[in-house]
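My entries follow in the order in which I checked things.

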Amino acid sequence: MKLSLSMWSLHRTVRAGGWTVIDFLSFCRKEGIDSVELLNVFWKNQDRELDEVVRYTRENGIQVVSYAVGNDLVSASEEGRSAALREITDAFPVAKALGTSVVRVFSGSLHPGIAYDQALGWIVSGLSEAAKQAEEAGITLALENHGQLAGRGGQVKDIIEQVGSKALRSTFDTGNFLLVDEHPSQAIEPLLPYIAHVHMKDFKRHPEGRYQSLGGQTFEGTVAGEGDTRLASLIERLEASGYAGAYVLEYEGTGDEAEGIRGSYGFADAYNRTHGEGRS
């Protein structure tokens with residue numbers, strides 16, 4: 001199990017310090033991290049930065065395993081839905097330049113005044129068109145379990161099956177299921193045939209946690225292996241199923257983000273030692 005690092009794991013540090021993507025990659029190089037996920041939300045000027053980032057990753061032996069966009073396909077206006085689709089398809093050449101064929105996507109949020117079935121229809125329609133273009137571009141779209149519309153394992157499975165394209169798979173986010181009151185050990189079973197990408201995230205119940213589930217439970221992000229997701233058993237299940245994609249750390253805890261990341265890599269090292277594997 002080789003761990004990669006999502007730039008989102010440092011989102012508070014990035015925003016407070018005005019970091020660029022190069023600053024993040026420099027952090028990774030100093031920490032000995034050679035595998036990352038980048039996000040479109042962190043570009044300051046993509047056209048100007050992309051070539052520099054590509055050069056930096058190549059010169060420093062850093063692999064970009066995935067590229068993430070934050071699209072929302074649920075909009076009452078056709079213009080808004082078209083913009084969300086463009087956000088996905090505009091990511092294809094960027095991902096290719098970065099050396100990855102995996103683009104993490106969202107479904108969208110359930111906004112006031114929009115019925116669930118209508119929102120779902122827009123999601124399936126938008127992802128169907130995105131998947132058609134992704135097939136032509138050699139891209140795999142990986143739909144993350146996130147929010148009320150695609151938060152549970154069955155919801156993600158249904159969307160993937162309605163779209164019916166091999167270019168649309170699942171990003172299995174281990175932590176997000178807790179926020180829709182489903183344990184990831186249950187959610188994983190219907191999704192196993194579709195998982196192409198994993199976000200390794202841990203949450204634990206906390207009376208003052210910043211994250212509230214649909215059922216009212218409060219959670220806080222924590223170091224991998226210290227929360228309620230039972231990460232080790234999830235990894236074992238994925239490995240037993242033959243999963244060979246990336247394990248991307250999304251640390252969302254409080255306190256010093258760099259320390260939380262180091263602790264999470266420590267969990268990965270311990271897991272690999274226990275399971276007779278090399279360094280993560």
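I first looked up an open sheet of three strands, which are ordered β8-β10-β9 and pair in the antiparallel sense. Since β8 (202–205) and β9 (211–212) each have a single partner strand, they stand at the edges, so one side of each is left without a neighbour in the sheet. I noted that β9 and β10 (residues 218–222) run antiparallel and are joined by two bridges, with Q212 having T218 as its bridge partner in β10.

For the terms, I took strands (E, at least two residues) and helices (H or I, at least four) as DSSP runs numbered from the N terminus, and I counted two strands as paired if DSSP finds at least two bridges between them. The model is predicted, so local features need pLDDT of at least 70 and side-chain atom pairs count only at pLDDT 80 or more, whereas totals for chains, interfaces and linings use all residues. Residues are numbered from 1 along each chain as its sequence is written, and side-chain values use heavy atoms, with hydrogens and water left out.

Which strands pair with β2 in the parallel sense? I found β1 (residues 3–6), joined to β2 by two bridges, with S6 opposite E37, and β3 (residues 63–68), joined to β2 over five bridges, with Q63 as the partner of S35.
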